[in-house]
Amino acid sequence: MEKSEKKPDASILHHPSSILVSPGDQTLTASADTALLDVYAALPPGLYPPFPPVELPGGVGGLVSRGGFGQNFFFGAEVLGVTFRAPSGRIVKAGGRTVKNVQGYDLTRPFVGSFGALGQALEVTLRLRPGLSMRHVAAPGRLAELPPTSARFMWEESGTVHLMHFGHAAEVER
């Protein structure tokens, strides 16, 4: 009897720092200690993660534990799955790589923003968003003084306000 070997899916990109990108599914799975800028470096053109290109302590796992950073949307919906070590030491896998995963209880969303109360993230799966165009504007100022904006990300660093948006070119230029 001959064994058949399953060939790897050519649309899935492997990266040395524990990052798995699936451009067709628009998902990314990364180890919790993966630096945020490493995620940006691993992505093909036209796909964006649900956080701006900044470096924060704790990598992807720290970002999820804090509930995101600088976003102008619900970050919990962008986290499709998380594998974490519960305080008891048990390894728990919640969610997965699909957008609609309806088996059992949803532990992914309560984990997002729990600041470690539910455990320590080991691996995270994020939804990626497409965008043909990207714009990042930085200017002196404070977030509190900013008028309403359509930017996906807004943050303040050392007296400078940053706005970042991606999507269709006409939408980004507004």
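User: Happy to dig in! What should I know about the numbering and the pLDDT limits?

Analyst: Residues are numbered from 1 along each chain as its sequence is written, and side-chain values use heavy atoms, with hydrogens and water left out. This is a predicted model, in which totals for chains, interfaces and linings use all residues, side-chain atom pairs count only at pLDDT 80 or more, and local features need pLDDT of at least 70.

User: How many helices and strands does the chain have?

Analyst: Helices (H or I, at least four residues) and strands (E, at least two) are DSSP runs, numbered from the N terminus. On that basis the secondary structure of the chain comes to four helices and eleven strands.

User: What share of the 174 residues counts as buried?

Analyst: Buried means under 20% relative accessible area, exposed means over 50%, and partly exposed is in between (1.4 Å probe, protein chains only). Of the 174 residues of the chain, the buried share is 40%.

User: Among contacts between residues at least 6 apart in sequence, what percentage join residues at least 24 apart?

Analyst: A contact here means heavy atoms within 4.5 Å. Among the contacts between residues at least 6 apart in sequence, those joining residues at least 24 apart make up 56%.

User: Which residues are linked in a network of salt bridges?

Analyst: A salt bridge is a side-chain nitrogen of Lys or Arg within 4 Å of a carboxyl oxygen of Asp or Glu, and the structure holds three. Glutamate 78 forms one with arginine 127, with the closest N and O atoms 3.7 Å apart, and another with arginine 129, where the closest N and O atoms are 3.0 Å apart. The network of salt bridges therefore links Glu78, Arg127 and Arg129.

User: Where do glutamate 78 and arginine 127 lie, and how many residues apart are they?

Analyst: Glutamate 78 is in the loop between helix H2 (59–66) and strand E5 (79–85), while arginine 127 is in strand E7 (residues 120–127). Both of these residues are buried. The pair links distant parts of the chain, with a separation of 49 residues.

User: Does arginine 129 count as buried, partly exposed or exposed?

Analyst: Arginine 129 sits in strand E8 (residues 129–130), 51 residues apart from glutamate 78. Glutamate 78 counts as buried because its relative accessibility is 5%. Arginine 129 has a relative accessibility of 29%, so it counts as partly exposed.

User: What is the angle between the planes of tyrosine 40 and phenylalanine 51?

Analyst: Rings of Phe, Tyr and Trp (its six-membered ring) pair if their centres lie within 6.5 Å; planes under 30 degrees apart count as stacked, over 60 as edge-to-face and the rest as tilted. A search of the whole structure finds six aromatic pairs. Tyrosine 40 and phenylalanine 51 form one that is edge-to-face, 5.8 Å centre to centre, with an angle between the planes of 75°.

User: Which residues form one aromatic cluster?

Analyst: Phenylalanine 153 and phenylalanine 166 form a tilted aromatic pair, 6.3 Å centre to centre with 35° between the planes. Phenylalanine 153 is in strand E10 (residues 153–157) and phenylalanine 166 in strand E11 (residues 160–167). The cluster is made up of Tyr48, Phe73, Phe153 and Phe166.

User: Which residue has its charged end over the ring of phenylalanine 73?

Analyst: A charge sits over a ring if NZ of Lys or CZ of Arg is within 6 Å of the ring centre and within 35 degrees of the ring normal. Here the charged end lies 4.5 Å from the centre of the phenylalanine 73 ring, and the residue is arginine 152.

User: Which residues is glutamate 55 in contact with, leaving aside its neighbours within four places in sequence?

Analyst: Glutamate 55 lies in the loop between E4 and H2. A polar atom of its side chain lies 3.0 Å from the backbone nitrogen of leucine 36, and one lies 3.2 Å from the backbone nitrogen of leucine 37. Beyond those neighbours, glutamate 55 is in contact with Ala35, Leu36 and Leu37.

Notes:
Polar contact = N/O pair within 3.5 Å; in protein donor to acceptor, adjacent residues only side chain to side chain.
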